[in-house]
Amino acid sequence: MADVLSRRCVMMRLVDFSYEQYQKALRQSAGAVVIILPQAMSSVPQDVVRQFMEIEPEMLAMETIVPVYFAVEDDELLSIYEQTQAASASQGSASAAEVLLHTATANGFQMVTSGAQSKAVSDWLITSVEGRLTGLGGEDLPTIVIVAHYDSFGVAPWLSHGADSNASGISVLLELARLFSRLYTYKRTHAGYNLLFFASGGGKFNYQGTKRWLEDNLDHTDSSLLQDNVAFVLCLDTLGRGNSLHLHVSKPPKEGTLQHAFLRELEMVVASQFSEVQFSMVHKKINLADDMLAWEHERFAIRRLPAFTVSHLESHRDSLRNSIMDVRAWVDTKALTRNTRIIAEALTRVIYNLTEKGAPADLQIFTEQMEIQEEQLESVMDWLTSQPRAAQLIDKDSTFLNTLEYYMGRYLKDVKQHHVKADKRDPEFVFYDQLKQVMNAYRVKPAIFDLLLALCIAAYLGVAYIAVQHFGLLYKTVQRLSLKTKQQ
């Protein structure tokens with residue numbers, strides 16, 4: 001809370017975070033800003049979390065020469081914070097002598113990082129993973145594509161765990177892969193649709209993985225499932241909270257199409273089996289003038305493929321989608337399981353044409369051995385959110401991608417990775433190194449302490465000098481008196 005912040009490292013706890021104080025530190029060219037995050041994010045009040053999420057986009061958009069660090073609190077860091085806070089509070093003391101004494105005796109800290117200047121990484125790849133289930137009967141079968149992006153985003157990449165956005169979407173995709181792989185195992189339930197599953201990378205960078213995957217499949221390949229006969233593309237995004245569900249579309253589906261049938265089945269399943277859920281269709285046209293697309297289905301719609309996104313968020317502008325506050329504690333596993341069931345039931349009714357065959361609206365398809373496994377969804381969510389998944393941190397050889405590929409390979413055929421590299425001449429994304437550094441705090445005394453110590457030493461030497469001089473004079477006087485006494 002000091003008035004002058006230049007050359008000082010400003011420390012802020014999340015619970016006491018003030019955007020005005022943050023801007024003040026930047027305006028005064030502080031040495032650095034350290035924002036301290038609690039270890040248990042669930043303990044932070046919701047209003048504090050929401051306030052910080054709304055500020056995050058502004059922090060990201062603001063250019064600054066002041067380095068900003070985020071650190072998870074521990075005992076040592078909190079001790080430094082409390083001592084710094086106490087030293088700052090003492091500046092308002094009434095007595096100038098008290099301020100001087102406290103300034104001279106208080107401990108200070110010098111914060112030092114040893115990292116080099118960040119540099120652009122030229123050979124970084126964005127990796128996506130795809131797999132398929134082939135339908136029964138004929139070669140020209142319609143294909144349903146199920147898509148979810150796996151990467152996360154936030155103001156600090158190493159702290160971006162992306163629980164709701166979009167670990168929840170990937171969890172639903174993997175559960176759908178498991179369920180339909182079982183249905184496609186038996187000839188009696190082997191449907192006449194190809195199912196293509198795509199876990200896309202670079203979703204937070206304008207869906208770069210999806211964009212290049214479409215280009216390779218539609219522009220550079222003679223034959224692919226995307227070229228032949230796509231019934232619709234279902235994108236899964238932010239499905240882990242709330243009691244609402246929205247189908248986001250760029251163009252309302254026409255009656256008589258399979259995508260309209262899916263919309264109708266979603267409405268029917270929600271109305272008949274999940275009355276607590278509010279369902280609606282949200283229509284938003286694609287704005288090509290915007291730098292960033294709103295939802296992943298827009299990448300497909302631009303290439304004239306029928307697509308939509310299912311999400312519990314009504315607006316693509318919700319700050320939850322790009323925040324380090326999006327952590328596992330805020331995801332409701334029961335809501336995630338319920339939303340998985342809704343999507344699985346509606347998709348199954350479309351694929352097997354159950355409504356036309358007279359199946360009742362309240363028919364529960366996934367029961368007993370085919371039950372949607374809440375424990376498995378929970379364990380997948382725990383695995384996904386146990387690591388930061390910012391696109392800048394996940395290279396093609398990462399353990400995360402290998403595990404995701406292995407998991408998809410348990411249920412799907414022809415599982416493979418798809419790599420995207422930035423164009424050096426006209427890059428659409430640029431990644432940098434030095435995203436994580438070690439900061440050392442050295443306990444130091446203020447300069448005034450050295451001055452006072454020097455004055456004290458000088459005073460001590462002065463007193464000692466005077467004492468020695470006085471003792472010498474006294475000694476000589478005593479000697480003279482002693483000499484006179486002897487002579488007498």
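W124, L125, I126, T127, Y150, G202, A391 and I394 line the second largest cavity. On a 1 Å grid over the protein atoms alone, a cavity is a set of points where a 1.4 Å probe fits but cannot get out, and lining residues have an atom within 4 Å of a point. Keep in mind that this is a predicted model: local features need pLDDT of at least 70, side-chain atom pairs count only at pLDDT 80 or more, and totals for chains, interfaces and linings use all residues. Residues are numbered from 1 along each chain as its sequence is written, and side-chain values use heavy atoms, leaving out hydrogens and water.

Searching the whole structure turns up two cavities of 30 Å³ or more. Here they are, with volume meaning the space filled by probe spheres set on the grid points, which are joined across faces, edges and corners.

| Cavity | Volume |
|---|---|
| Largest | about 60 Å³ |

What kinds of residues line the second largest cavity? Six are nonpolar, two are polar and none is charged. Here Ala, Val, Leu, Ile, Met, Phe, Trp, Tyr, Cys and Pro count as nonpolar, Asp, Glu, Lys and Arg as charged, and the others, Gly among them, as polar.

Now for the largest cavity: its lining is Q46, V49, R50, M53, R241, L320, M325 and W330. That set splits into five nonpolar, one polar and two charged residues. Domain 1 (9-118 + 436-451) and domain 2 (123-429) both contribute lining residues, so the largest cavity lies between them. The domain bounds come from an automatic or database domain assignment.

Terms used. On a 1 Å grid over the protein atoms alone, a cavity is a set of points where a 1.4 Å probe fits but cannot get out, and a pocket is an open set with protein on both sides within 12 Å along at least five of seven lines; lining residues have an atom within 4 Å of a point.
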